Amino acid sequence: MAPCYHHSFLLLFSLWVFCPLILAQTVEFNLPLKAVNLGNWLVTEGWMMPSRFDGLKGQLLDGTQVQFKSTKLGKFLCAENGGGATLVANRDQPSDWETFRLWRISDKKFNFRVFNKQFVGLQGQGTTVVAVSGNPSASETFDIIRKPDNPNRVRFQASNGMFLQAKSLTEVTADYTGGSSWDDNDPSIFEMNIVGGLQGEYQITNGYGPSAAPKHLRDHWNSYITEQDFEFMAANSLTAVRIPVGWWIAYDPAPPVPFVGGSLNALDNAFTWAAKHGMKVIVDLHAAPGSQNGQFHSASRDGFLEWGDSHIEETVKVIDFLAARYGNHPALVAIELMNEPLAPGVTYEDLTKYYQLGYEAVRSHTSNAYVIMSNRLGPADSQELLQFVRGLSRVVIDLHYYNLFDPMFQQWSLQQNIDYIYNERASDLSNVTPANGSLSFVGEWTSALAFDGATKEDSRKFAKAQQDVYGRATFGWAYWSYRCKGDTWNLKRMIKDDLIKI
């Protein structure tokens, strides 16, 4: 990839754009912050505004998880051993080895990635179908041909022009030249079950493609968040915004395919509006190269977590770019080095190595901005960063609290959820808030509840309890999110409905 920053150019550009603001005003602030996340603005989260994907209904997008059952044999295709061997068609019930993740090349051409991350393809110059390649090429590319009146009935055309067939329970080959029959006895016909999918930045940009994606995303950026929203936030006592960005912003205006240029201009606007309305900005690297958690909101292509030591250098360059551009802007309060790294895929050693280098990159441009380091999600100690950050200046540890993603929350009453906030959440927050040292930040929380039948009044009471507890975080808190289709996730609506008071 081309270099993502040029210091001399950035310095001149920053002086030209931001000097008038710097000279004209400073943005005073007090801790703790009362902030809101601008989710689904510069990093796509399809669940928050499903209509953004309306033009892609019925299409197979990157990361779609599929299973294929041979209509002739009545068995599922399987990557033997999860990958590294041949494909067979002998499984009665599908599980991980029988699930394939799509990489979309076009609306008809795809790569198939298996459990151990290899790609399905042809063995050598032959017709045996295997899953051994770590990188897809022409021989790992297949046309998915869907029956017009039943799109989940499919056949696959391989790079040799012939069709894949389940010849026997243990032999899957790409050598079928039969007719266009869709009968059950045709060995090239499979029933496709879609069992999962992603709706993130990669899916929306690669789905709409280079002809339609730029306009689609730029229209969204220009309308989803405007200066009027900053006026509303400031008028309702919010003091900061946390803005998720993707790594590709450092390559704007021509980021790597399939990403779209223009999000940097939107971020520039946010800084201008924040300064004008007396607010602060936290720039949050929500999507790191390779995906630090395998989620759609980190722009994963297929749901696999790939970020690791080999991605550290590129990720630090993104942070350096952001710090060079905004480090001395009066509205900047903090740069968050990474959102929600997931353990054990992201190791403590790789994460702290990156956090040290990212911290140094920010400090090379500003001594005033806070540096936020997100705790790992998953099986990790919430206090694991406390020792690491000792001796570092103006550092914040970010925690995210949701009473949603554990079955126990679905079984609890409102009062049990509230008690959990005042007890367990309060204790956990206290443990990562040392008397002298790093600051604590509840960077994401919501008033949404997991149990059936929760009312808006329930959400009001639940939000009040969280404000009481998270107000003890020494850096502050940030609600998720400012806008969202779901009412209780939508802080703007909750404020307008008088359900949340800041």
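Student: In H5, how many residues are buried?
Tutor: This is a predicted model, in which local features need pLDDT of at least 70 and side-chain atom pairs count only at pLDDT 80 or more, while totals for chains, interfaces and linings use all residues. Residues are numbered from 1 along each chain as its sequence is written, and side-chain values use heavy atoms, with hydrogens and water left out. Buried means under 20% relative accessible area, exposed over 50%, and partly exposed in between, with a 1.4 Å probe and protein chains only. By that rule H5 is mostly covered, and the number of its 15 residues that are buried is 11.

Student: What distance does H5 reach from its first C-alpha to its last?
Tutor: Helices are DSSP runs of H or I with at least four residues, strands are runs of E with at least two, and both are numbered from the N terminus. The expected span of a helix is 1.5 Å times one less than its number of residues. For the 15 residues of H5 the expected value is 21 Å, and the reach in the model is close to it, at 21 Å.

Student: At roughly what angle do the axes of H5 and H6 cross?
Tutor: Axes are lines fitted to C-alpha atoms, for helices over the stretch in contact, and angles run from 0 to 180 degrees between N-to-C directions. The axes of H5 (residues 312–326) and H6 (residues 348–363) come within 9 Å, and they cross at roughly 25°.

Student: Are H5 and H6 roughly parallel or roughly antiparallel?
Tutor: Angles under 35 degrees count as roughly parallel, over 145 as roughly antiparallel, 65 to 115 as roughly perpendicular, and the rest as oblique. The axes of H5 and H6 cross at roughly 25°, so H5 and H6 are roughly parallel.

Student: How many nonpolar residues does the contact of H5 with H6 have?
Tutor: Contact means heavy atoms within 4.5 Å, and on the H5 side the residues that meet H6 include Ile312, Val316 and Ile319, with Tyr354 and Leu357 among their partners in H6. Ala, Val, Leu, Ile, Met, Phe, Trp, Tyr, Cys and Pro count as nonpolar, Asp, Glu, Lys and Arg as charged, and the others, Gly among them, as polar. Sorted in this way, the contact of H5 with H6 has three charged residues and two polar ones, and its nonpolar residues number eight.

Student: How far apart are the axes of H9 and H10?
Tutor: H9 and H10 (residues 456–470) pack at an angle of about 15°, and they are therefore roughly parallel to each other. The residues making the contact include Ile418 and Tyr422 of H9 and Phe462 and Val469 of H10. The separation of the axes of H9 and H10 is 10 Å.

Student: Is Ser413 buried, partly exposed or exposed?
Tutor: Ser413 lies in the loop between helix H8 (407–411) and helix H9 (414–431). Because its relative accessibility is 33%, Ser413 counts as partly exposed.

Student: Gln383 is in contact with which residues, leaving aside its neighbours within four places in sequence?
Tutor: Gln383 sits in the loop between strand S17 (370–374) and helix H7 (386–389), and Gln383 is partly exposed, with a relative accessible area of 35%. Once the sequence neighbours within four places are left aside, the residues in contact with Gln383 are Asn431 and Val432.
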